[in-house]
Amino acid sequence: MKLSWWKWACVVLLIYTFTAGLLVPMAPGILRVSPDNLSTAAAPFTVKVHGYNTRFLSNQNSLQAWLLNDKTQVAATTAKALSETEAELTFPALAPLQKPVFDLFVNDDADGTLVMASAIATTDSISAISPVSKISVKNEKEDYFAFPFQHILYESIRNLFFHVPMWFAMIALMAWAVFNNIRYLRGGQQKHDLMAAEAVNAGLVFGVLGLLTGSLWARVTWGSWWVDDIKLNGTAITMLAYMAYVVLRGAVDDEQKRARISAVYSIFAFVMMLVLIGVLPRLSGNDSLHPGNGGNPAFGQYDLDSHLRAVFYAACLGWILLGFWVYNLRYRIRLLNEKIHHA
Amino acid sequence: MLGCEFVLTLRPMVLAQTLSLFRRELLTEQRRRYAFFGVLLYVVATVFVSRYSFRVVREVPVWNALFWIILLFASVIAVARSFAQESSGRLLYLYTLADPRAVLFAKLLYNSLLMIVLGLTGLAVFGIVVNYPVADTPLFLLTLVLGCMGLAGTFTLISAIASKAGNNFALMSVLGFPVVLPMLLAIIRASKMAADGTGWDGAAMYLGIIIALNVIVVTLSGLLFPYLWRD
């Protein structure tokens, strides 16, 4: 079997995507604090921190923690590691200065500083001035390859290497289809029409995969399989438009007429879809949950760190190449079929 | 590229042809008034169905969406006729007489007018029978006019495509709805702002999108129709 270089590249990139994307550990973080809602002003209080991928026990000596409220830091009087992922923190009596919530910081030599915003809510009213204590933070951290720990996302951040590139693959295939539609209208060569048709078919496969992975991600992070999100519904409509393209092709028998009509529809639909998923979601006020839309910051702005990028770019290229591989095979089968029918 | 040909060959002659073909459309419609009144009756009947199913619609978003869904279906029915009603022989005759694009533009112009009339009548009936919670009537009317032009323009090209593929009403909806959605979304947003009376500032962006989409639709129709009309 002879594979051209880009197919090898596709295989290598996807193997890298799957191994690195699924095996690279998550950076340590704080999962939750228990109890997270209690009276803090009356007496010293103790909370238990549940970490993720942390090494509290082996770094017991350097373990320290503090709470933050209105720029005032209050250090824990004791920080005792119960296990690698559990620690017991005791704080002096505190009344909040501004908001009735404290941000929690935990630091040790191996994990660096772990932050959980609004970790502890207090039942006390805002009044007294809390004691201020100096904290010496050693911000040293073992630098190892890990994906960032993000609340709500947690391990599902790995879906970034599957969900997002699948849409890129679909859009690349649809763009290739439109390019071939234009080539067909200008030159009238049947092969361009077949290319466009098969690119749409392959693109639809990736659209379905994108919807499935997205739906799964939505269930994990937003709590529902299908959410009222303009980008989600926009892409669903895009799929409908391309299914309509397939239906239209089925409705016309004459080959040349079919090629021409479907090319016209495909170009028209592609432009409208660009507006639907490219322009409108960015303008709308607050009806999208996606990064970069509906007033949300774009992914890259603060949380697409270099470790994620190292896999993400490879994943994008890999999935797009796979898309074109699928398209290429379908196109060649189609050509063979055409040859058999005309022979 | 495609665009250059379009601009180079779009001579003033096409405009003159468009206008005379537009007059022809009006004349044919006048002779077959039952078709126009049929669509009008469809709108009025749907409004009464809404009245009986919803009673009074007080929530502005629901009212607004309902109104535009009625107009959406009305536009499919009204515009679907534009290529379907002509025999292929007569269309061919027209294409030999004038630039094919002039035929399309005349139909586009005529459908826009038809949709504006339908939209205004629909609004009057819908307002009287169901409810009229619009705070900013001038803005709403402007959105209505632009929106009706947009719906008509989009469905004109779609009807040209559908007429080539066997003139099936279902096909027209299947092809048209996904494509018209960006337009409809902008229209619904703008008209909701008009109904809420939140001022022209917020709606201006959506009106801009509707106008831009109208321009895109007309340009694409002009670019693509030359490849479509031949059999």
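**A strand and an interface**

In E7(A), Leu89(A) is the bridge partner of Ala79(A). Please keep in mind that this is a predicted model. That bridge belongs to the antiparallel pairing of strand E6 (residues 78-81) of chain A with E7(A), which runs over 4 bridges. E6(A) and E7(A) form a hairpin, with 4 residues between them.

E7(A) also pairs with strand E3 (residues 45-52) of chain A, again in the antiparallel sense, over 6 bridges. Here Thr90(A) in E7(A) is the bridge partner of Thr46(A).

Now look at the side chains along E7(A), residues 86-91, which alternate.

Next, turn to the contact between the chains. Here 29 residues of chain A touch 30 residues of chain B, and the area buried between the two chains is about 2800 Å², with carbon and sulfur atoms giving 81% of that area. On the chain A side, Val264(A), Phe268(A) and Met272(A) lose the most area to chain B, together 23% of what that side buries.

Which elements of chain A give two or more residues to the side that touches chain B? They are helix H2 (163-187), helix H4 (230-251) and helix H5 (255-283). The largest share, 15 residues, comes from H5(A). By type, the residues on this side of chain A divide into 24 nonpolar, 1 polar and 4 charged. Between chain A and chain B there are 0 salt bridges and 3 residue pairs in polar contact, counting pairs with both residues at pLDDT 80 or more.

How values were computed
Residues numbered from 1 in each chain as written. Chains lettered and ligands numbered in written order. Predicted model: local features only at pLDDT ≥ 70, side-chain atom pairs only at ≥ 80, totals over all residues. Heavy atoms only, no water. Buried < 20%, exposed > 50% of the residue type's maximum accessible area, 1.4 Å probe, protein only. Pairing = 2+ DSSP bridges. Contact = heavy atoms within 4.5 Å. Buried area = accessible area lost by both parts, 1.4 Å probe. Salt bridge = Lys/Arg side-chain N within 4 Å of Asp/Glu carboxyl O. Polar contact = N/O pair within 3.5 Å; in protein donor to acceptor, adjacent residues only side chain to side chain. Nonpolar A, V, L, I, M, F, W, Y, C, P; charged D, E, K, R; others polar.
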